[in-house]
Amino acid sequence: MTCPALPEGFDLTDPDVYRNRVPLPEFAVLRRTAPVWWNAQPHGVAGFDDDGYWAVTRHADVKEVSTRPEVFSAHRNTSIIRFNAGIGRDQIDAQRLIMLNMDPPEHTRVRQIVQRGFAPRAIRALEAALRRRAEAIVTRARGRGSGDFVTDVACELPLQAIAELIGVPQEDRARIFDWSNKMVAYDDPELALTQEVGATAAMELISYAMNLAAARKKCPARDIVSRLVAAEDEGNLAEDEFGFFVLLLAVAGNETTRNAISHGMHAFLTHPGQWELYKRERPATTAEEIVRWATPVVSFQRTATRDTELGGARIAEGQRVGIFYASANHDPEVFERPDVFDITRDPNPHLGFGGGPHFCLGRSLAALEIDLIFHAIADTLPDIRLEGEPRRLRSAWLNGIKELRVRYT
């Protein structure tokens, strides 16, 4: 099936597209004309032994795919919609050990364990420390006068939150930042990274986390690591499972929140009325609108476990199905004036945190980090302003900003 309104050969996961923009106009065309559309690809270009995938662009359909794991599997081909063409199948299959790429009941078992670390009480216990860290981060930035908002501000609090959450020494946060960057930036030639470099970084991070888990088993502390691994026979995580959990945190809890903060700052500075409103009123709805607007994870995928039908399209068993959260979050059937950045938007049923069994465990923590950092920015850097256009990450599935030059004072 073709969509005559799109250029021949257009691919919604082409990393060169995202180096410049999120394809919101193309999403709008598909929602209207072909909401479940076969996006043909050159054979194997995404790392899979196939010729394309079904692109799902409407909010209702993205939500349906997300909530039916028995039909749409995260495990069969993982949730990552595009790897490099040269990746080996064994490298893809190895990623099934990450919770993101599990299906129930194994996903249910692991999630029930790790969600202990994200209970409301656990998040509340972090708030005071993270508020102090947010204030310190923006105070340091003010002292620089100008700089790159991404490295000076946006990346710092998510990294420090992870370190606080799992007991990683703060002096090791730069290593986690480096490892996570290498794992997700293999599509960006400027960073001179390859899939192999990313795989090595992943193994180094897993090894680091496993060593941390082993140390806590021998000498438990009052932190989440001890709670998750100290008594494996009582339903806790094995050391390798904890390693893969930290790997997921490094991307889901670091890269995504960092990019939400970066996009949020850019949105405020290009919508000055919203920045003035925020500084004056601090709406509690702000963080959710920033996540909707940014949608740091543009898309994930599922694989059909049987022949099925969705949105009028017949999907065959084994075919991949791309769920485009960025499109769902701009669906006018769900959001009034979806192309407007409105920090008072309520209700805001966005899918920026996913849905179904894989709904983001760290939603409350991410929202808290976004709230704390923008409160601190508004208090300490009220006159922050842009000094250049954002430089975007070349990625097939992340809406990333590599650099955002600003003047802080």
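Mentor: Let's start with a term: two strands pair if DSSP finds at least two bridges between them. Keep in mind that this is a predicted model.

Trainee: Which strands form the open sheet with mixed pairing, and in what order?

Mentor: Five strands form that sheet, in the order β1-β2-β8-β5-β3.

Trainee: How do you know that β2 and β8 are paired?

Mentor: Three bridges join β2 (residues 52-56) to β8 (residues 320-324). Pairing needs at least two bridges, so β2 and β8 qualify. They run parallel, and Ala55 has Gly322 in β8 as its bridge partner.

Trainee: What makes β1 and β3 edge strands?

Mentor: β1 (36-40) and β3 (72-73) each pair on one side only. Helix α3 (residues 59-66) packs on this sheet, touching β1, β2, β3, β5 (299-304) and β8.

Trainee: How many bridges join β9 to β12?

Mentor: Two bridges join them. The requirement is at least two, so β9 and β12 count as a pair. Within it, Leu386 stands opposite Val406 of β12.

Trainee: Now a residue. Why is Asp223 called buried?

Mentor: Asp223 has a relative accessible area of 13%. Buried means under 20%, so the word applies. Asp223 lies in the loop between α10 (195-218) and α11 (224-229). Leaving out residues up to four places away in sequence, Asp223 touches Ile166, Gly167 and Arg216.

Trainee: What makes α16 largely enclosed by the rest of the structure?

Mentor: Of the 18 residues of α16, 13 are buried, so the rest of the structure largely encloses this helix. Helix α16 covers residues 363-380 and reaches 26 Å from its first C-alpha to its last, close to the 26 Å expected at 1.5 Å a residue.

Trainee: Which residues touch the most other members of the largest nonpolar core?

Mentor: That core has 133 residues, and those touching the most other members are Phe149, Phe242, Met265, Ile373, Phe374, Ile377 and Ile384. Helix α12 (residues 239-270) gives the most to this core, with 15 residues.

Trainee: What does Ile373 touch, not counting residues up to four places away in sequence?

Mentor: Among the residues Ile373 touches are Ala134, Val153 and Ile261. As a general point, nonpolar side chains tend to be buried together in soluble globular proteins.

Key
Residues numbered from 1 in each chain as written. Predicted model: local features only at pLDDT ≥ 70, side-chain atom pairs only at ≥ 80, totals over all residues. Heavy atoms only, no water. Helix = DSSP H or I, 4+ residues; strand = E, 2+ residues; numbered from the N terminus. Expected span 1.5 Å × (residues − 1). Buried < 20%, exposed > 50% of the residue type's maximum accessible area, 1.4 Å probe, protein only. Contact = heavy atoms within 4.5 Å. Core = buried A, V, L, I, M, F, W, Y, C linked by side-chain atoms within 4.5 Å. Axes fitted to C-alpha atoms, helices over the stretch in contact; angles between N-to-C directions.
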